[in-house]
Amino acid sequence: MSLSLHCTFYCCCHTLTGQIPSNLLLMRLGGPVWLAAITVAWGAVASAFALVKGPVSFMLLRLLLGLAESGSLPGTWYYISLFYPPHRTTVPYSLIETGITVSQVGLRVGQLLSLS
């Protein structure tokens with residue numbers, strides 16, 4: 001099922017509806033509280049995918065998942081910038097990005113190994 005959304009439209013909506021409000025809440029509530037709330041919401045929505053009954057519930061949960069996860073990476077980057085001076089942030093940023101890449105590669109390898 002295709003929604004015929006262009007990438008520019010999707011990315012703009014994602015930023016306006018998720019990242020900006022999430023980062024404003026991050027500044028207001030603080031890093032530990034807001035990042036913990038994002039993590040709990042992300043896990044709850046991801047767990048709710050077990051209850052999907054059709055395309056409407058799938059799309060609704062996908063929207064909620066996108067909103068829940070949209071502030072996690074920018075929030076993490078911001079929080080790291082509070083603890084490290086600007087000339088030392090490249091190592092933590094690189095470790096986070098490497099972890100994301102390795103987890104995605106592991107998922108793809110698992111999918112390839114399951115092919116007959």
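Biologist: What share of the contacts in the protein with a separation of 6 or more comes from residues 24 or more positions apart?
Modeller: It is 52%. Contact means heavy atoms within 4.5 Å. This is a predicted model, where local features need pLDDT of at least 70, side-chain atom pairs count only at pLDDT 80 or more, and totals for chains, interfaces and linings use all residues. Residues are numbered from 1 along each chain as its sequence is written, and side-chain values use heavy atoms, with hydrogens and water left out.

Biologist: How many helices and strands?
Modeller: Five helices and zero strands. They are DSSP runs numbered from the N terminus (helices H or I, at least four residues; strands E, at least two).

Biologist: How do α2 and α3 pack, in distance and angle?
Modeller: The axes of α2 (residues 31–48) and α3 (residues 55–69) come within 9 Å and cross at roughly 160°. Axes are lines fitted to C-alpha atoms over the stretch in contact, with angles from 0 to 180 degrees between N-to-C directions. So α2 and α3 are roughly antiparallel, a label for angles over 145 degrees.

Biologist: Which residues meet there?
Modeller: From α2, I38, A41, W42, V45, A46 and A48; from α3, L61, L64, L65, A68 and E69. That contact has 10 nonpolar residues, no polar and one charged. Ala, Val, Leu, Ile, Met, Phe, Trp, Tyr, Cys and Pro count as nonpolar, Asp, Glu, Lys and Arg as charged, the others, Gly among them, as polar.

Biologist: New topic. What percentage of the residues is buried?
Modeller: 16% of the 116 residues. Buried is under 20% relative accessible area (1.4 Å probe, protein chains only).

Definitions and conventions:
Angles under 35 degrees count as roughly parallel, over 145 as roughly antiparallel, 65 to 115 as roughly perpendicular and the rest as oblique. Buried means under 20% relative accessible area, exposed over 50%, partly exposed in between (1.4 Å probe, protein chains only).
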